[in-house]
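Let's take a look at this protein together. Have the viewer open and follow along.

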Amino acid sequence: MRDLRRRSILAGALAVPLTAGLPTASATAHSAGAPDAKALRAALAGLPDADATAALVRVGGTGGGWRGSSGVHDLESGRPADPGARFRAGSTTKVVTAAAILRLVAEGRIDLNTPIQRYLPGLLGARFRPVTVRQLLNHTSGIPAGDGLGDTFEEVYAHRFDTLTPQRVAASAGAKQPEFCPGRQQHYLNINYTFLGLLIERVTGRSYASEAARLVLAPAGMRDTYFPGTDPRILGPHNRGYQAVKRADGTTEFVDVTEWNQADRFAAGDMISTIEDLERLLTCLFRGRIVERPQLKEVFSVPSGITGASYSAGGLQRYESGGKVYWVKSGARYGYSSAIAATRDLSRTLVYSVNSTDAKSEDANPVVVRIITAALK
């Protein structure tokens, strides 16, 4: 479930073996419809390896639940991975941002059909037609990606402690040509949620982080989730993240990428969380405890009339597997891959964090594939 726009299931791989580790796991139910504990234990076996250094998994639903962890806290010490660790949640942040927007819609402070140009005048150039808030939520805005700090791992790693503000990212995108006429296509891009984060700040007069906490984190009970902003650290217990890099001599180096200033990810991907908190987000959101009707229907509404559209205005993606429809959001920052997934009735839920050694790869990570296959069958 990497942002399933490519229909791949997540992250990357390198076939260089590491010292094997043994998974630890516990099943909380063995009734009919319960998760397949044996398959899930097998999915986590052998970590750390070339593809991941650690993995944390929670599977739930009406048939019971399963919790498991595997791998190491760090490659140097080799001590077991912390099962309650915090991690960079990447683009799962978008679900929080979308829920915050929909809460503000319910409060009458934002209108989904109003162009963003009215809320944030001057950020989009004259070449852009009106882009509604709903089109930002479901990635049909046509706004191109903003500027970053590089295109390759080596380039962005060299700038990992630099601050690129979301205002600069949005301004650079608004100075470009539109990709397409708003509402005509769907193209998943972080820039849509960068604009939404700035919108939240404009209409509330408060920071995105404080409003996301008030509107979403607090009602969901997400006490171990926060937004680091320009702080490159992960505060509290966490497992180290690594990126595999090929040296000139053909060998592989595992570069520690745990500390990283993610300020430019902002409302699109700056969140740090835990698998327990992300499970709380899923269940509270789907049960209508964060976003109430009629806004809740937006969470599960994919735009019609657009070929291949799968993203909703709730920051989620519709994904069908084994005859069931799941609503999914994945995230990937260097060193960390994660995802949330659930059926609408919460009969099956999945949350995982995998310390992928090539988290931004286009290729499917074998550990992630094993987890998804075992959890959703």
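## A helix with a bend

Helix H8 bends by about 40° at Arg214, where the bend is the angle between axes fitted to the seven residues ending there and the seven starting there. Helices (H or I, at least four residues) and strands (E, at least two) are DSSP runs, numbered from the N terminus. Keep in mind that this is a predicted model, where local features need pLDDT of at least 70 and side-chain atom pairs count only at pLDDT 80 or more, while totals for chains, interfaces and linings use all residues. Residues are numbered from 1 along each chain as its sequence is written, and side-chain values use heavy atoms, with hydrogens and water left out.

H8 covers residues 208-220 and spans 17 Å from first C-alpha to last, close to the expected 18 Å. That expected span is 1.5 Å times one less than the number of residues. Just past H8, Gly221 has a positive phi of about 70°.

Which residues of H8 are buried? They are Tyr208, Glu211, Ala212, Leu215, Val216, Leu217 and Ala220; buried means under 20% relative accessible area, exposed over 50%, partly exposed in between (1.4 Å probe, protein chains only). Here's what they pack against, with contact meaning heavy atoms within 4.5 Å:

| Helix | Residues |
|---|---|
| H2 | 93-106 |
| H7 | 191-204 |
| H9 | 266-269 |
| H10 | 275-286 |

Zooming out, the protein chain has 12 helices and 11 strands. Buried residues make up 60% of its 377 residues. The C-alpha atoms fill a box of roughly 55 × 50 × 35 Å along the principal axes.
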